[in-house]
Amino acid sequence: MLPTIANSMFRPYLHVFENTSVADYLPEYSLLQPFWDYLRVHHQDTLRSPLFPVIISVSGYFFFSTLFMVLDLLAPKLPLLDKYRIHPEKPVSWSDISKTLGLTIYQNLVYIFPVSVAQWYWRPPTQLPAAAPNLSELLCGVVGCTLLFDFQYYIWHVVHHKIQWLYTTFHAIHHEYYVTFSWVAQYLSAWELFTLGFWTTVNPLILQCHCLTTWAFMVFNVWISVEDHSGYDFPWSMHNLIPFQLWGGSIKHAMHHQKPLTNFAPFFGHMDWIFGTGTDLKHSPAVQEKKIKGKDL
Ligand SMILES: [Zn+2]
Ligand SMILES: [Zn+2]
């Protein structure tokens with residue numbers, strides 16, 4: 001008797017769960033839908049190509065690094081710009097640029113190009129779902145992939161500093177520069193370059209991201225790795241916008257190149273905080289000046 005009464009009482013509510021799924025309660029229309037529809041209609045062949053993620057990553061790297069390179073070349077003549085460099089006492093020279101850029105071009109031709117051709121030949125074209133991701137889904141996906149990448153690289157980085165053979169064989173090349181500039185971001189051994197590329201490819205698969213989220217993460221990852229090495233500390237740099245030192249950014253990574261057994265995390269601040277590997281950070285003269293003025297007011 002009781003089960004029958006309960007059944008009839010709760011049936012109107014229960015059928016909600018019987019006939020629907022959680023997805024039905026999520027916002028149906030994504031703000032990104034018109035943009036996604038445009039991309040799918042007009043650029044379908046480009047987006048479906050297995051080469052597309054490689055092209056946006058490589059061209060993104062050259063584009064962002066060139067922007068900072070232009071600033072590096074202007075900085076010695078523009079004191080107002082120069083004081084936003086973390087180490088204005090060490091200008092970036094043409095020989096630094098040509099050496100790092102030379103290795104990047106060599107690695108793109110010798111490693112990345114053949115791997116990309118193999119991927120283009122063997123990998124099936126990317127499936128483009130009809131629905132765009134929600135904006136919150138895209139942002140959470142990018143942050144999630146970056147957090148995972150930060151964790152993976154922290155472990156890799158500590159191991160490659162603590163084990164002498166690994167350091168000299170695979171990571172020492174990246175530490176040729178005590179003062180960083182944009183092209184140092186990929187001044188890496190082939191093994192380190194491959195590892196970073198692997199996580200950038202695999203993390204969106206682990207977190208089951210939409211392909212638009214995956215591409216956004218890839219471009220974002222390139223931007224933050226270039227910004228990390230840029231040697232600039234602008235008021236709008238991410239580490240100055242995100243509070244509580246949650247984001248380490250360029251000042252933290254510049255310190256890693258000065259004191260290589262500290263600040264192992266590439267982007268966020270929490271891993272070095274948890275394991276006690278962080279140190280005091282040095283801001284650019286311009287930001288230091290602003291901070292002192294702010295305290296005096
Ligand atoms: Zn570095
Ligand atoms: Zn290192």
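pLDDT is the predictor's confidence in each residue, on a scale from 0 to 100. The protein chain here averages a pLDDT of 90, and 90% of its residues come in at 70 or more. This is a predicted model, so local features need pLDDT of at least 70 and side-chain atom pairs count only at pLDDT 80 or more, while totals for chains, interfaces and linings use all residues. Residues are numbered from 1 along each chain as its sequence is written, and chains are lettered from A and ligands numbered from 1 in the order in which they are written.

The fold is helices from end to end of the pattern: 14 helices and zero strands, where helices (H or I, at least four residues) and strands (E, at least two) are DSSP runs numbered from the N terminus. A contact here means two C-beta atoms, placed from the backbone, within 7 Å. Where pLDDT is low, the predicted coordinates should not be read in detail.

Among contacts with a separation of 6 or more, 68% join residues 24 or more positions apart. Of the 297 residues, 29% are buried (20 or more other C-beta atoms within 10 Å; exposed means 12 or fewer, partly exposed in between, with C-beta atoms placed from the backbone).

Serine 136 sits in helix H7 (residues 135–162). Serine 136 counts as exposed because 12 other C-beta atoms lie within 10 Å.
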